[in-house]
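Here is a short briefing on how the two parts of this chain meet. Have the structure open as you read, and let's walk along the boundary together.

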Amino acid sequence: MSVHKLLLLPGDGIGPEITAEAKKVLAFLNETGAARFETQTGLVGGAAYDVHKQAISEADMELAQAADAVLLAAVGGPKWDGVPYEVRPEAGLLRLRKDLGLFANLRPAICYPALAEASSLKRELVDGLDIMIVRELTGGVYFGEPKEIIDLGNGQKRGVDTQVYETYEIERIGRVAFELARKRGNKVTSSDKANVMKSGLLWREVITALHKREYSDVKLEHMLADALGMQLVRWPKQFDVIVTDNLFGDMLSDEAAMLTGSLGMLPSASLGAPDAQGKRKAMYEPCHGSAPDIAGKGIANPIAMIGSLGMAMRYSFDLPKAADAIDAAISAVLAQGLRTADIKGSAASTVSTSEMGDAIVRELGGILA
Ligand code: IPM
Ligand code: MG
């Protein structure tokens, strides 16, 4: 049986608590003999800064490079507000994305029927929602140079970030979106600000050409990013796959997450290009942050984290049965009415982080038996 090497990076805030629940799922899968997972654990974010004065150490970067996949929980918190910009917690996350070449970020926004009440939109708008946001993750304004604050010497300063995209970057993320659409609703909405940005103009040109050349069987539409933000709350079910740049993808995925009831529900996969053997570097993480306000209380929702592990089964370990089982187990506990505080809605009571994890493992047992 092949052994899957997974690097766990619990990070900060609620990170360690939700990682503990993902570990229960891994332990369960190991026990059933369905697959073998070997884990190592490293430090990232503020947790790494406290020990190494770096947002991630070189040794942990090496572990990440050597692993079949990385499972990262969350980084950041007010404790590290004052640390130098280069070593702030988020720098660890950005370095992992950049150095592992994880250009394709998949953020599925699925609204479980049992949770439609928890959404801020009306039930009929979100019930059964299933959108895949494909966010470009290693380019754009997050990494463009120059990126600086210059002292102009006249009492004024100038802050500069650079939005930059090249043809190959747009093409490879476009390809990921079109390929995914073919296995889903066969529709791609590409989002940019071609009306004000040169990089947006190029984005639209490259996506249009790629579509014409290789994917004309898929329905393609272009939508300006502001309009897409509006359409997401007006009629979200019109979307199937949304492909967009790093910054718009960051904002639109938070917005889409909330449609599903809670940010605590959304998993994500960040993938690199396939190598000669078809293997991709990959990192899996919940879309939510470290939630320092509720850290240590045992009330965080572990579902996005466990769902991220499910995505690892699908996209890194070629274990679609385990992935489906994890999704079904999450769906089942929600249908039974189990709720953590963030998705309480009108429920009479809530369960803790570890009770939610235990319930999902119990369901898995039934599903995989
Ligand atoms: C996300 C987060 C990160 C981002 C932060 C923590 C740097 O918001 O993964 O969406 O902006 O990409
Ligand atoms: Mg974000």
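Predicted model: local features only at pLDDT ≥ 70, side-chain atom pairs only at ≥ 80, totals over all residues.

**Extent of the interface**

- On the contact count, 31 residues of domain 1 touch 30 residues of domain 2.
- The size of an interface is often given as the accessible area lost when the parts come together.
- Here, domain 1 and domain 2 bury about 2700 Å² between them, and carbon and sulfur atoms account for 66% of that area.
- Three residues stand out on the domain 1 side: Arg97, Phe103 and Cys287 supply 29% of the area that domain 1 buries against domain 2, more than any other three residues.

**Polar and charged pairing**

- How many salt bridges are counted between domain 1 and domain 2? The count is 0.
- Polar contacts do occur between the two domains, with 10 residue pairs counted, both partners at pLDDT 80 or more.

**The domain 1 side, element by element**

- The elements giving two or more residues to the side of domain 1 that touches domain 2 are α4 (89–99), β12 (282–284), α10 (303–315) and α11 (320–335).
- Of these, α10 gives the most, with 6 residues.
- Sorted by class, this side of domain 1 holds 17 nonpolar, 6 polar and 8 charged residues.

Definitions and conventions: Residues numbered from 1 in each chain as written. Chains lettered and ligands numbered in written order. Heavy atoms only, no water. Contact = heavy atoms within 4.5 Å. Buried area = accessible area lost by both parts, 1.4 Å probe. Salt bridge = Lys/Arg side-chain N within 4 Å of Asp/Glu carboxyl O. Polar contact = N/O pair within 3.5 Å; in protein donor to acceptor, adjacent residues only side chain to side chain. Helix = DSSP H or I, 4+ residues; strand = E, 2+ residues; numbered from the N terminus. Nonpolar A, V, L, I, M, F, W, Y, C, P; charged D, E, K, R; others polar.
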